[in-house]
Amino acid sequence: MTEADRTDHVRVVTERRGHVLLMRLDRPEKRNAADFSMLQQLSTAYGELDSDPDLRVGLVHAAGDHFTAGLDLADIGPRITETGIDYVDDEGINPWQVSGRSLSKPVVMAVQGICLTLGIELMLASDIVVAANSTRFGQLEVSRGILPFGGATLRFPRAVGWGNAMRWILTGDMFDAAEALRIGLVQEVVPNGIQFDRALELAERVAAQAPLAVQAALANARIAVRSGDAAAEAELQPALVRLAASDDARIGLEAFATRTTARFTGH
């Protein structure tokens, strides 16, 4: 990425809410279509989430009536070179998790309105998704002469089954929140307008758990997906030993014994 690629347009607004990092897509006048600035700023926000020990969970949401209309091809198209497109700084993390280092912390998402292409792929790269009942989804790339390049070809079939994924990837058809819930693409559907509140409730619930344990569970599940069950099984006992020696394990055991609420420190 060159200095010429950088812009001063604010496309992603971050806010700390306790141990949760809120990341708001903020281009509502364009239905939050992702231009280069948005891609770069979201990767920077993911890098902040990963590197700050006080942050335990990310929550991605969007301003306006729509989550995202997908890529702003007019802005992105000319930036695609023979090696693809580079929008991740040294300190950033690819939010779609198809290149670079992996995010070590969970991400919750709240979606509404139109959620197209890279919006679905961002959901597939996250961990818990709450959708407003107004949401309409579309994996439209084949209708534009390209393929999904943000992970849908990998994760969509894994998440919802081959036939369900191909039904939507290969046709480019739109589908609603009820169908997304039926196939398991989202975890909850709520009345329009409360999707952020519900997502924040879930994010804060995750953030209240022992952060080292949350990250270890997440990491082991990802090993199983990416490297197979045997690789994940081999890491279970070593991870347990590390966690058992932590302050959080002591705090958790004390809370269990005294029937009080654990206040974990992340140490």
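# Reading a predicted model, feature by feature

Analyst: Start with Ala199, which is buried at a relative accessible area of 0%. The model is a predicted one.

User: Why does a value like 0% count as buried for Ala199?

Analyst: Burial is read from relative accessible area, and buried means under 20%. Ala199, with 0%, therefore counts as buried.

User: Where is Ala199 found, and what is it in contact with?

Analyst: Ala199 is found in helix H7. Setting aside neighbours within four places in sequence, Ala199 is in contact with Leu59, Val108, Met109, Ala110 and Val130. Ala199 and Trp96 are 103 residues apart along the chain, and their C-alpha atoms are separated by 19 Å.

User: Is Arg17 buried, exposed or partly exposed, and which residues does Arg17 touch?

Analyst: Arg17 is found in strand S1, residues 12–17. Arg17 touches Leu22, Phe196, Leu200 and Glu204, again not counting residues up to four places away in sequence. From Arg17 to Leu55 the distance is 9.2 Å, C-alpha to C-alpha, and the two are 38 residues apart in sequence.

User: How do I check the length of a helix such as H8?

Analyst: Compare the span expected from the residue count with the distance between the end C-alpha atoms. Helix H8, residues 211–227, has 17 residues, so at 1.5 Å a residue H8 should span 24 Å; the end C-alpha atoms are 24 Å apart, which agrees.

User: Which residues of H8 are buried, what covers them, and what follows H8?

Analyst: Pro211, Leu218, Asn220 and Arg222 are buried in H8. The cover over the buried residues of H8 includes helix H9 (229–244) and helix H10 (247–258). After H8 comes Gly228, with a positive phi near 100°.

User: Which residues other than glycine have a positive phi?

Analyst: Asn32 is one of them, with a positive phi of about 55°. Asn32 lies in the loop between strand S2 (20–25) and helix H1 (36–51), and at 0% relative accessibility Asn32 counts as buried. Gln97, also not a glycine, has a positive phi near 55°. Gln97 lies in the loop between helix H2 (73–76) and strand S4 (107–111), and its 10% relative accessibility counts as buried.

User: How do helices H4 and H5 pack, and which residues make the contact?

Analyst: H4 (residues 152–160) and H5 (residues 162–169) pack at an angle of about 135°, with axes 6 Å apart. That makes H4 oblique to H5. The contact is made on the H4 side by Ala152, Phe156, Pro157 and Val160, and on the H5 side by Trp162, Asn164, Ala165, Met166 and Ile169.

User: Which residues of H5 are buried, and what do they pack against?

Analyst: The buried residues of H5 are Ala165, Met166, Trp168 and Ile169. They pack against H4, strand S8 (174–176) and helix H6 (177–183).

User: How many aromatic pairs does the structure hold?

Analyst: The structure holds three aromatic pairs. One of them joins Tyr87 and Trp96, an edge-to-face pair with 6.3 Å from centre to centre and 90° between the planes. Tyr87 is buried at 9% relative accessibility, and Trp96 is buried at a relative accessible area of 5%. In another, the ring centres of Trp168 and Phe175 are 4.6 Å apart and the planes lie at 35°, so the pair is tilted. Trp168 is buried at 8%, and Phe175 counts as buried at 5%.

User: Which residues do ring pairs link into a cluster, and what sits over the ring of Trp168?

Analyst: Ring pairs link Phe137, Trp168 and Phe175 into a cluster. Over the ring of Trp168 sits the charged end of Arg167, 4.0 Å from the ring centre.

Technical notes: Residues numbered from 1 in each chain as written. Predicted model: local features only at pLDDT ≥ 70, side-chain atom pairs only at ≥ 80, totals over all residues. Heavy atoms only, no water. Helix = DSSP H or I, 4+ residues; strand = E, 2+ residues; numbered from the N terminus. Expected span 1.5 Å × (residues − 1). Buried < 20%, exposed > 50% of the residue type's maximum accessible area, 1.4 Å probe, protein only. Contact = heavy atoms within 4.5 Å. Phe/Tyr/Trp six-rings, centres within 6.5 Å; stacked < 30°, edge-to-face > 60°. Lys NZ or Arg CZ within 6 Å of the ring centre and 35° of its normal. Axes fitted to C-alpha atoms, helices over the stretch in contact; angles between N-to-C directions. Parallel < 35°, antiparallel > 145°, perpendicular 65-115°, else oblique.
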